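Here is a short briefing on a two-chain model. Please look over the sequence and the structure first.

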Amino acid sequence: MVKLVHSPYPSGHRQSIVHNETNIRISIRDLNIWYASARAVKDVSLDIEKNKVTAIIGPSGCGKSTLIRAVNRMNDIIPGVKVKGEILLDGKNIYDEDIDVVTIRKMVGMVFQRSNPFPKSIFENVAYGLKINGFPGKKKLAERIEQSLKDAALWDEVKDRLGDSALDLSGGQQQRLCIARALAVEPEVVLFDEPCSALDPVATARIEELIQELKEKYTIVIVTHNMQQAARISDFCTFLMLGELIEFDKTDKIFTTPSKKVTEDYITGRFG
Amino acid sequence: MERHFDEELSGLKSRLLKMSALVEEVISRSVKALVERKAELVEEVIKNDEVINMLEIEIDELCLKLLALYQPAAVDLRFVCSAMKINNELERIGDQAVNIAERAREVIKEPLLKPLIDIPRMGLLAQKMVKDAIDALVNKDDVLAGEVCRRDDEVDSLNNQIFRELLTYMIEDPKTITRAVELILVGRHLERIADHATNISEDVIYFLKGKNIKHHLEDQ
């Protein structure tokens, strides 16, 4: 049953939206992130539904990447970053002290703007995360790698040359390899930080198709500069500006009848 | 930021304005042909309708081009889509004016059945509705658009009045039936024009507010 969910929190940046409450995988609550003294994310609260694609859009420097990186604590490795607020993954705050960051990153995979395969074979790239986690059995490992490459729609192109260097693949293939690598450890959530910005339109279309298929199994969050891409592939869309969440709604609502003037100005290209 | 797309949009707007001006003109002339019994106006209406038809195609092509090349979103998308629908409504209003002109051609061959009072009133009302609906579009005036929708009732009741009155003529003297039916049809065509103007106003409100008020959706 779908009902209107009002956040129980009183602060001003709250968005109420039609969400199926039981389907929420990630709840971001009053999130603030600073780089030294600069506040990059301001009081953001946002619910992310499972098995849906949630897109984050906004002009450069609005905090999109900072926000998405916070979801698997990638910001921890940047010196001077301070995080306040909560990110609940299935109800558990990933910033709690007793949380193991490695476990979080296993549950929340990430694919970056530039494909970044390791200078190893195709097989080893996908096997890497499994091996360091002590994945048992050679046969099972091979099966898992095949499945991950299939899920990433790369298997048919590489099945006969798994021993070749990953760096010999095309840009689009490298990106799908990185997706396979992220999927191999069976995450619940996959974060995409502008996954297509370095790809040509054909490779982009493949990744977009892939994301649509992946949401059957995973919860997807994607940062994109390409508004048409957000419109095409996402179910929900978040518009950020200067670190603030301006509007969050169903994607078709955002792209036909946004509630806020700034959102409208941004998606119609009047600024940004 | 001034966008190249804005130039294209204002081009689309001015074509819609031109089309609307032509359509208002044919409504007025078709009613005038009937009331003032001028056969030459009938031919003028039919000729002008061809111009309207060509303009409809031009506007349709422009809208498709804007959708394909710019992939507009939000208010821009609503404007282009509304423009396509309004374009279609205007063209059909033109067709109704031709229908009226064709009725006029028949009516003026016969002696006057009765002095025409309600039909010219209806004509003026319908024409004003079209004009105001397009003005609402151009001036982004949703209040005016809402008012146009409400005026439709006035035109409907005039149409009913015309029908009832002509019915009494036909009952009294069956020889008046042909002429009375022609006039009833004129009333019907004018009533349809007002309906199209209402549709335009509804499209204008969707463009401006993102709210669909068609078929009394809001009341439900």
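Predicted model: local features only at pLDDT ≥ 70, side-chain atom pairs only at ≥ 80, totals over all residues.

Chain A has 10 helices and 12 strands, whereas chain B has 6 helices and 0 strands.

**Confidence in chain A**
- The average pLDDT of chain A is 90. A score of at least 70 is reached by 93% of the residues.
- Residues 1-16 of chain A have a pLDDT below 50. Beyond near neighbours in sequence, that stretch still has 27 contacts in the model.

**Overall form of chain A**
- A compact globule of 272 residues would have a radius of gyration near 19 Å. Chain A has 19 Å, which agrees.
- The C-alpha trace of chain A spans about 55 × 45 × 40 Å along its principal axes.
- Of the 272 residues in chain A, 43% are buried.
- Take the contacts in chain A between residues at least 6 apart in sequence: 67% of them join residues at least 24 apart.

**Overall form of chain B**
- The order of elements in chain B, from the N terminus on, is α-α-α-α-α-α.
- Along the principal axes, the C-alpha atoms of chain B fill a box of roughly 70 × 40 × 20 Å.
- Buried residues account for 40% of the 220 in chain B.
- For contacts in chain B with a separation of 6 or more, 80% come from residues 24 or more positions apart.

**Interface between the chains**
- On chain A, 13 residues are in contact with 11 residues of chain B.
- Three helices of chain A, α8 (227-233), α9 (251-256) and α10 (261-267), each supply at least two residues to the side that touches chain B.
- The largest share of that side, 3 residues, comes from α8(A).
- By type, the residues of that side of chain A are 6 nonpolar, 5 polar and 2 charged.

**The largest nonpolar core**
- This core has 132 residues. Those with the most contacts inside it are B:Ala126, B:Val130 and B:Ala133.
- Helix α3 of chain B, residues 74-107, gives the most to the core, with 14 residues.
- Which residues does B:Val130 contact, leaving aside its neighbours within four places in sequence? They are B:Ser20, B:Val23, B:Glu24, B:Ile27, B:Ile93, B:Ile193 and B:Ala197.

**Helix α1 of chain B**
- Helix α1(B) covers residues 4-35, 32 residues in total. At 1.5 Å a residue it should span 46 Å. Its end C-alpha atoms are 47 Å apart, which agrees.
- Buried residues in α1(B) include B:Leu12, B:Leu16, B:Met19, B:Ser20, B:Val23, B:Val26 and B:Ile27. Further along, B:Arg29, B:Ser30, B:Val31, B:Ala33 and B:Leu34 are buried too.
- An α-helix has 3.6 residues a turn, so residues three or four places apart point the same way.
- The cover over the buried residues of α1(B) includes α2 (39-70), α3, α4 (118-138) and α6 (177-209) of chain B.

**Positive phi angles in chain B**
- Most residues other than glycine have a negative phi.
- B:Ala74 is not a glycine, yet has a positive phi of about 50°. Its place is in helix α3 of chain B.
- Is B:Ala74 buried or exposed? B:Ala74 is buried, because 21 other C-beta atoms lie within 10 Å and the cut-off is 20 or more.
- B:Lys140, also not a glycine, has a positive phi of about 50°. B:Lys140 lies in the loop between α4 and α5 (142-172) of chain B.
- With 13 C-beta neighbours inside 10 Å, B:Lys140 counts as partly exposed.

**A buried loop residue in chain A**
- Where is A:Ile94 found? A:Ile94 is in the loop between β7 (92-93) and α2 (101-107) of chain A.
- A:Ile94 is buried, with 21 other C-beta atoms within 10 Å.
- Beyond its neighbours within four places in sequence, A:Ile94 is in contact with A:Arg73, A:Ile87, A:Leu89, A:Ile99 and A:Ile104.
- A:Ile94 and A:Gly129 are 35 residues apart along the chain. Their C-alpha atoms are separated by 20 Å.

Note on methods:
Residues numbered from 1 in each chain as written. Chains lettered and ligands numbered in written order. Helix = DSSP H or I, 4+ residues; strand = E, 2+ residues; numbered from the N terminus. Buried ≥ 20, exposed ≤ 12 C-beta atoms within 10 Å, placed from the backbone. Contact = placed C-beta atoms within 7 Å. Nonpolar A, V, L, I, M, F, W, Y, C, P; charged D, E, K, R; others polar. Core = buried A, V, L, I, M, F, W, Y, C linked by C-beta atoms within 7 Å. Expected span 1.5 Å × (residues − 1). pLDDT = per-residue confidence, 0-100. Rg over C-alpha atoms; globule rule 2.2 N^0.38 Å.
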